[in-house]
Amino acid sequence: AHYYDATPTYSAAPYSAFLCVPFIAINRPGYKDSTALPDAIPEESTFLQEEGRYLHNKILPAVWKAYAADYGASSIVILAHSLSVPMTIIAAALNATTPSPSSNEQSQHQEQGDVELRGKDPEIKAEQTAPVADRSKEQEETTKENAKPYPLAGIILSGFGTTPNAPTMARVAPHIDHTAPSITFPTSLKDDLMLYPPSAGFTDPEVYEKTEELNTSAGMAEFGDAFGPWPTYWREKYAKHIICRVMYTLVENDCFWMSTPEAIDDFAGA
């Protein structure tokens, strides 16, 4: 989550405040002090699918319940980068296909399954944005009509694709121990792959100073699913069911994924 508020210069907070749109940054389950997925992965499922269900069933309803009324929000837009893209695709599909619960069922579900937001104090505090004084009558009626645990207006996806970058995968392979619970790439390797060497002049020197602080281990189950089973099920099982607006972008020289026009069209066509 701290990626979105790394420095005063490189932060979502000023844009959030200027636009009066709350920006809530979360850590995925198991990252840093975020609670790991609560149950063992069912045999018929995978890590990313359980992560997506957890986002849909627990995290997003809790965020909506905690902040929507205070800021006059009418919906949620999810901004997902890299390994958070799969869980977002799954959550968006479930939001579109899961029947809306009755008010009694919804209340019971929330009482039994609320997640803790750690004092309503995410990495980028919603309090940094100016609250909207009053919601319009139309917004309130829309909220009442939408009985889902949270209304999803759109998803923004970046840093994830369908065709792995073979040269990069060859470079990171020696650092991956498939028997370990997590992967931590050396900061020098991450800088070289994701930011390019300082001599290239592509990245503000201020950003390199944050590499060590922002470097976080990735779960092997998450990484293994993304580059393993994920391609076999995401299109038919989830992507084709999404009905909200989708924005997708992949930088020209993404280190992990090919960004050719064909690769972009392949992802977008799902």
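# Close-up views of a predicted chain

**Figure 1. The salt bridge between K240 and E236.** K240 is partly exposed, with a relative accessible area of 47%; in this classification, buried stands for under 20% relative accessible area, exposed for over 50%, and partly exposed for values in between, with a 1.4 Å probe and protein chains only. E236, in turn, is exposed at a relative accessible area of 55%. The side chains of K240 and E236 meet in a salt bridge of 2.9 Å, N to O, the term denoting a side-chain nitrogen of Lys or Arg within 4 Å of a carboxyl oxygen of Asp or Glu. Side chains of opposite charge can pair when their charged atoms come close. The model is predicted, so local features require pLDDT of at least 70 and side-chain atom pairs pLDDT 80 or more, whereas totals for chains, interfaces and linings use all residues. Residues are numbered from 1 along each chain as its sequence is written, and side-chain values use heavy atoms, with hydrogens and water left out.

**Figure 2. The chain as a whole.** The chain has twelve helices and five strands; these are DSSP runs numbered from the N terminus, helices being H or I with at least four residues and strands E with at least two. Of the 270 residues in the chain, 41% are buried. The accessible surface comes to about 14900 Å², and carbon and sulfur atoms account for 55% of that area; accessible areas follow the Shrake-Rupley method with a 1.4 Å probe, and for residues only the protein chains shown count as cover. Among contacts between residues at least 6 apart in sequence, 80% join residues at least 24 apart, contact meaning heavy atoms within 4.5 Å. The structure holds six salt bridges.

**Figure 3. S45 and its polar partners, E50 and R53.** S45 is placed in the loop between α1 and α2, the latter spanning 47–71. S45 counts as buried because its relative accessible area is 13%. Leaving aside neighbours within four places in sequence, S45 is in contact with E50 and R53. The side chain of S45 makes a polar contact of 2.7 Å with the side chain of E50, and another polar contact, of 3.1 Å, joins the side chains of S45 and R53. A polar contact is a pair of N or O atoms within 3.5 Å; within protein, one must be able to donate a hydrogen and the other to accept it, and residues adjacent in sequence count only if both atoms are side-chain atoms. R53 and E50 also meet each other, through a side-chain salt bridge of 2.5 Å, N to O. Because they are three residues apart in helix α2, R53 and E50 are separated by about one helical turn. R53 is partly exposed at 25% relative accessibility.

**Figure 4. Strands β1 and β2, which run parallel.** Strand β1 covers residues 76–81; I76, I78 and A80 form its covered face, while V77, L79 and H81 form the uncovered one. Six bridges join β1 to β2, which comprises residues 152–158; strands pair if DSSP finds at least two bridges between them. I78, from the covered face of β1, has I155 in β2 as its bridge partner. β2 is mostly covered, with five of its seven residues buried.

**Figure 5. Strand β5 beside β2, joined by five bridges.** β2 and β5 run parallel, and I156 stands opposite M247 in β5. R245 belongs to β5, residues 245–249. R245 is exposed, with a relative accessible area of 69%. Not counting residues up to four places away in sequence, R245 touches A153, G154 and I155. The C-alpha atoms of R245 and A92 are separated by 9.9 Å, although the two residues lie 153 residues apart along the chain.

**Figure 6. Helix α7 and the helices packed against its buried residues.** In α7, residues 187–195, the buried residues are L189, K190, D191, L193 and L195. They pack against α6 (166–172), α8 (205–208) and α9 (211–214).

**Figure 7. The salt bridge between E213 and K210.** The closest N and O atoms of E213 and K210 are 3.1 Å apart. E213 counts as partly exposed because its relative accessibility is 40%, and K210, at 22%, is likewise partly exposed.
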